[in-house]
Amino acid sequence: MTRKQLGASIAAALLFLPSLSVLGGCGAKSAKIVLRVYNWEEYIDDGGSGTFIYDELHELDDEGNPITENGKHVHIDSDIVDENYKAWYRETMGKELSEEGPEILDDFCLWYEKEYGQSIRVEYSTFGTNEDMYNEIVLGNEYDLLCPSDYMIMKLAAEGRLEKYDESFFDKSEKNNYYVRNVSDFIADKFENNAGLEVRNDENGEPILWKDYAAGYMWGTTGFVYNPAYVDAEQLDELGWEIFTAPAYKGKITAKDNVRDTYFAALGVTYQEELCALQEALEAGDIDSAAYISEVTKIFNATDDETIARVEPNLMDLKENVYSFETDTGKADMVQGKIWLNYAWSGDAVYALDLAESGADEDGEDSGSVLLNYYVPEAGTNLWFDGWVMPKGANKQAAQAFVNFLSMPQNAMRNSYYIGYTSVIADEEGKMLDYAKYLYEDEETDDPVEYDLSYFFGEGASITADIEQATCRQLYAQFPPQSVIGRSAVMDYYDEGASARINELWARVKAETLDAWAIVVICVTVAAIAVFVLFVKFGAKIDFGRKPKKGYTLVDQKPLR
Amino acid sequence: MKIPRFSRKTLCIPYAVFLIFFVIVPMLVILFYAFTDRNMHISFSNFIRFFSDPTKLSTIVYSLVIALITTVICLVIAFPVAYILAHSRMKKKFVILMLFVLPMWINFVLRVNALRELFNLFSSLDGLEGLANANYFKTVFGMVYDFLPFMILPLYTTMLKIDRSLYEASYDLGAGAVTTFVRITIPLSMPGVMSGVTMVFLPSMTNYVVSDMLGNAKVTIIGKFIYEYFGTDWHMGSMVALVLLIVVFVSTWLSGGFKSEENVRGTTL
C-alpha cells in the first residue's frame, strides 16, 4: 500500500465515523426535529423478510423462508394485509405499500411529516437490560423516549427523572390520539391504579400514577415452556413453582440469569402454600379479589431480611437443580430437547413454541417438529408491562406522536408479529381482535372451545379455538385468560436497602462460598508463596551474617557486567 | 514564515493524550467510586464489605484457581509445540504455526459458541451425559482453547532466538539431551514462559463470557461479579475491580513482568 493509498483510506475511515453514531432510524439528515428513541433490542418491526407485511404477502415454506419460482418470490393475497390495509397504508403514509415490507420507523417519518408538516428524523438505539438503560440515563445520555419495564418505570418516576404526558395526549376526541383511544381498558386500568403498587416521589413524597408518566407498549406473563413428551402436565400442576427444586427434573430445567426473575421464582417456591391458601380463601369468599391480589403482590415483592433468609435455601436448591441460568439460550436448548422446562417470558414462549412446531432450530435447520406447551403456576405469576416514558428534557410533542403512531392497530399488529409479545392495543373497531382471531381462530377443530377475552378486548370478545391452544399453547401464552391475570403480581422497584440485600443474596447464590478456615488457609499459603518468591529474588542481596568457609575470606565483589 | 519543527517529543503527544484519557483518568474514576458511597461521600464501607464477605473472597480464590489451572494446562501443551516448531527443519513449519494461530483470527464469541455446540453434541452420546453438568471442566477447557495461541507465540519466538551454538557447546562439553534441555532450553525460554503466563493467567481470571456460555452461568468468576455490580451498584463494582487490579499487579510484579527485558510478546505473525 503506498502512502497515498494509506492516507486515502484513513480519510475514508474518518468520513465514515460520524455515520456510525446513528445506530438506525430514518429521515433526512437535514430534518429539523430529531426523535431519540431508546428501546429494547429486537423490539420493533424493522422491515424486510420475517416481518408482518412481508410474510403476509409472500408464500413461505414451513421454515418461514420465501418460496421462489423461476427465481422470483411468489406473492400471495393475505386475509389481513388486504385491500383495506393497503388503503389505510396509502392514506396514512401517503404512498403505496411495498410488498418487501417497509420499516416502521420510516413509516413514522412519512406520517409525521404528513400530519404535522415538519420533517423528522429518528435516532434509534437499543439496550439489553433495564439496568443498562438506567445507567445510560443516569450518566446523562439524552433521549426523548425510553421503553423500560414496569419496575424501572416506577424507579425512574420516583427519582423524578421523567416528564409527564400532556393532558392533550388523553383527549379522546383528537384524531391523532391513537393511544388513548385504542389502548385496552384492562391496561388502562392497571396504569391508572399502578397495578396495586404504591409509588411516591423520593423528594416530596407525592404519590405517582403510572398513567401520567407511561404509555403501554407490550405486556405478558412469565411461565414455563415445557415438553409434554417428558413432563406430565398433571404433575406440573401438583408441583407448581416447586418444579424448580423437584429432583425429578434435576438438570432439565433452566432459570433466568437475572436476579429479578429468579428471585421472583424462588419466592414462588417458598410461599407456594401461602399463595394457595389465599386462593382458597378467595374461592370461599373470605376475602375479595382486591384484597387477594394485594396480598399476592405483597408476597412476590417481599425483600425483608426474614423473607430473604427463608428464600435463600430454596434459591440454593434451585441452583443445584437447574441446568443453567440463561437469558437467551433456553429457547434453543428447549427445541433441541436438551432441557424439558424453560422458565420464560410469554413472548419468548410463543416464539419457542412456534419454532419447535415448525421443526426448525434457530438457524433454520431441520431437527424434527416438536410440540411444546406453556404453563403458568396455579399459585400466581408475574404480570409485566413495558411502556414508553419520556425522560426529562424530551421533545414531548414528537415522542407522544411516536407513541400514538405505534398505537394504530395496523402498526401494533406489525410490532406484535415481529416481537411475539402481546400489544396493549385493543381498538374499538376490533382490528386487533381480528388479528388475534386470524392467528388462533380454528372452527374446524375437533375440540372447539370459546376462549373468552372480554377482559382485554371488551365485552363479548372471544375466540373459537382448539382446546389445546386455549389451555396450554400459543393462544394461552400470548393472550392469557382472565384466570391467569387474576392471580398475577406486578414487580415493585427495590429501594436502595432492598437492592443491596438482593444483590448480596444473588452473589451468594451465583458464586461458591468457601468456609472461613479454607479462605484463611489459602491466604496464608499465598502469602507464604509471595514471601518465598521475594526471598528467591532478593535473598542473595541480604546478608544473613554468613561466615565464609574455613580457609576462605569474604571479598566484596561487584558482579561482572 | 517559521516552519513548525517536530521533535520526537511532539510525536508522543497523541499517545500521551490517549494514555491520560483512557488509562489514567478511568483508573482514578474507579478509585474514586471504590471509596465513595451513593451520596458521593468518602467511605470505606465498600472496602470493609468486600473483605468481610466470604463470598467475594471465595470468588477471588475460585478465579485464581481456574486461571492457574488454565495457565498450567496451556503451558504443558504449548511448551512442546513451541519447542518442536522452533527446532524443526521443516520448510513448511510456518503452516503448522498458522494452524495454531489461525483460530485467534476468528471471532472469539463465535468459537466459544461452536465449542458449546460441540459439548452439546458430545453430551448427547451414551456414557458422556455427565458432560452436560461438568461446568468447571467445560469452563477450563474453553479458556485453554481460547488462550492457547497466546502461550505458544511468545514461547516460539523466544526459543527461535536461542543461539544454536549454545546447544553445540553443551553437547561438546558432554551434556546429554536432558541436561541440555534443563540447563539451556528451559532457562533461556523463561522470558517467553513469563510473558505467556501473564497473557493467559490475567484474562482467564476475568473472561466471564466463557464461564457463562460453557459453564451454564453456574460458574462465577470475578469478572462476572464486576459486570453484575455495575448493573446496580457502581461503588461495589469499582471496589471489586480495584481489588482485581491489585491482585493482577502483585502477580505481575512477582513474576518479573515489569523488568525491562527484551520484548518477547511481539510475534512473527
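Mentor: In this predicted model, the buried residues of helix 6 of chain A pack against helix 5 (130-138), strand 7 (162-163), helix 9 (210-213), strand 8 and strand 13 (383-391) of chain A.

Trainee: What makes helix 6 (residues 150-158) of chain A largely enclosed by the rest of the structure?

Mentor: A residue is buried if 20 or more other C-beta atoms lie within 10 Å of its own. Seven of the nine residues of helix 6 of chain A are buried, and therefore the helix is largely enclosed by the rest of the structure.

Trainee: Which residues of helix 6 of chain A are buried?

Mentor: They are A:D150, A:M152, A:I153, A:M154, A:K155, A:L156 and A:A157. After the helix comes A:G160, with a positive phi near 70°.

Trainee: Which residues touch the most other members of the largest nonpolar core?

Mentor: A:L145, A:V225, A:A352 and A:F402 do, in a core of 150 residues. The element that gives the most to this core is strand 8 (residues 214-226) of chain A, with eight residues. A separate core has 48 residues, including B:Y33, B:A86, B:V219 and B:L242.

Trainee: Why might such residues be found together?

Mentor: In soluble globular proteins, nonpolar side chains tend to be buried together.

Trainee: Which residues does A:L145 touch, leaving aside those up to four places away in sequence?

Mentor: A:L145 touches A:L35, A:V37, A:Y38, A:W388, A:M390, A:A394, A:A399 and A:F402. Each of these pairs is a contact because the C-beta atoms lie within 7 Å.

Trainee: How many residues does each chain bring to the contact between chain A and chain B?

Mentor: Chain A brings 26 residues and chain B brings 20 residues. On the side of chain A that touches chain B, strand 10 (324-326), helix 24 (496-510) and helix 25 (516-538) each give two or more residues. Helix 24 gives the most to that side, with seven residues. By class, the side of chain A has eleven nonpolar, six polar and nine charged residues.

Trainee: What pattern does chain B follow along the sequence?

Mentor: The pattern is α-α-α-α-α-α-α-α-α-α-α, and chain B has eleven helices and zero strands. Of the 269 residues of chain B, 32% count as buried. Among the contacts in chain B with a separation of 6 or more, 75% come from residues 24 or more positions apart.

How values were computed:
Residues are numbered from 1 along each chain as its sequence is written. Chains are lettered from A and ligands numbered from 1 in the order in which they are written. This is a predicted model: local features need pLDDT of at least 70, side-chain atom pairs count only at pLDDT 80 or more; totals for chains, interfaces and linings use all residues. Helices (H or I, at least four residues) and strands (E, at least two) are DSSP runs, numbered from the N terminus. A residue is buried if 20 or more other C-beta atoms lie within 10 Å of its own, exposed if 12 or fewer, and partly exposed in between; C-beta atoms are placed from the backbone. Two residues are in contact if their C-beta atoms, placed from the backbone, lie within 7 Å. A nonpolar core is a set of buried Ala, Val, Leu, Ile, Met, Phe, Trp, Tyr and Cys residues joined through C-beta atoms within 7 Å. Ala, Val, Leu, Ile, Met, Phe, Trp, Tyr, Cys and Pro count as nonpolar, Asp, Glu, Lys and Arg as charged, and the others, Gly among them, as polar.
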